[in-house]
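I opened this entry to record what I looked up, in the order in which I looked.

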Amino acid sequence: MFHRKLLLLAHLVAAYSLCAGCMTLEQMAPPVGDPFVPVARNMELELSELVKGRDIYISDCVRCHSVEPISRYGVDKWKRILPRMIKDTKLDADEASAVSSYVFAAQRVLEQSPSQMEAAQAARTETEPRESSGSLGRN
Ligand code: HEC
């Protein structure tokens, strides 16, 4: 019984330490999937460019800080911050345009799916019960 509690505690600690800002990577930087298709068409962007942009976003843009949740900033804020960050990251012109396209497309995708935004905001409070019931289920 005592061991079981310890195990549960270990699971919870592991769950918390994995929880970067308590949002998943998919919530912070949504993968280029179905919801991007109409947005890309609308913005006249290639999906392949968006895929490249996300790769840059989750690999190059994390050299100095962790992944920034795209939904944390509005379009105006992104327009101000991106050029500076792109310069800091020393991206070439193609990479710069890919990462900007991805950020603005992801912005629209997130805007159009309030449920995803809510899920992101609720992630913090949901983590504990979900992880603990998962642990109990596995034990
Ligand atoms: C060379 C280091 C470095 C790289 C690479 C970098 N950043 Fe940053 N970033 C910073 C620093 C330092 C800050 C905090 C101070 C500031 O706003 O300049 C920051 C802050 C931010 C913020 C928060 C801005 C705010 O005002 O709160 C966002 C969003 C951001 N970065 C996005 C990005 C993106 C997107 C990329 C990739 C294109 C990127 N960063 C690459 C150093 C970097």
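**Confidence**

I began by reminding myself that this is a predicted model, and I found that the protein chain averages a pLDDT of 81, with 66% of the residues scoring at least 70.

**Helix 5 and helix 6**

Two packed helices are described by the angle between their axes and the distance between the axes. I looked up both for helix 5 (residues 75–89) and helix 6 (residues 93–112), and their axes come within 11 Å and cross at roughly 160°. Angles over 145 degrees count as roughly antiparallel, and helix 5 and helix 6 are therefore roughly antiparallel to each other. I noted the crossing of helix 5 and helix 6 as right-handed. On the side of helix 5, the contact is made by Val75, Trp78, Leu82 and Ile86, and on the side of helix 6 by Ala96, Val99, Ser100, Val103, Phe104 and Gln107. Sorted by class, the residues of this contact are 8 nonpolar and 2 polar, with no charged residue.

**Helix 3 and helix 6**

Next I turned to helix 3 (residues 36–43), whose axis comes within 10 Å of the axis of helix 6 and crosses that axis at roughly 125°. That angle makes helix 3 oblique to helix 6. The crossing of helix 3 with helix 6 is right-handed. I listed Phe36, Val39, Ala40 and Met43 in helix 3 as meeting Ala105, Arg108 and Val109 in helix 6. By class, the contact of helix 3 with helix 6 has 6 nonpolar residues, no polar residue and 1 charged residue.

**Ligand shell**

Finally I asked how many residues surround the ligand, and which are the closest. I found 13 residues around the ligand, and the closest are Cys61, Cys64, Glu68, Met85 and Asp88. Helix 5, already noted for its contact with helix 6, supplies the largest share of the shell around the ligand, namely 5 residues.

Note on methods: Residues are numbered from 1 along each chain as its sequence is written. This is a predicted model: local features need pLDDT of at least 70, side-chain atom pairs count only at pLDDT 80 or more; totals for chains, interfaces and linings use all residues. pLDDT is the predictor's confidence in each residue, from 0 to 100. Axes are lines fitted to C-alpha atoms, for helices over the stretch in contact, and angles run from 0 to 180 degrees between N-to-C directions. Helices (H or I, at least four residues) and strands (E, at least two) are DSSP runs, numbered from the N terminus. Angles under 35 degrees count as roughly parallel, over 145 as roughly antiparallel, 65 to 115 as roughly perpendicular and the rest as oblique. A crossing is left-handed if the near helix is turned anticlockwise from the far one by less than a right angle, and right-handed if clockwise. Two residues are in contact if their C-beta atoms, placed from the backbone, lie within 7 Å. Ala, Val, Leu, Ile, Met, Phe, Trp, Tyr, Cys and Pro count as nonpolar, Asp, Glu, Lys and Arg as charged, and the others, Gly among them, as polar. A residue is near a molecule or strand if its C-beta atom, placed from the backbone, lies within 6 Å of it.
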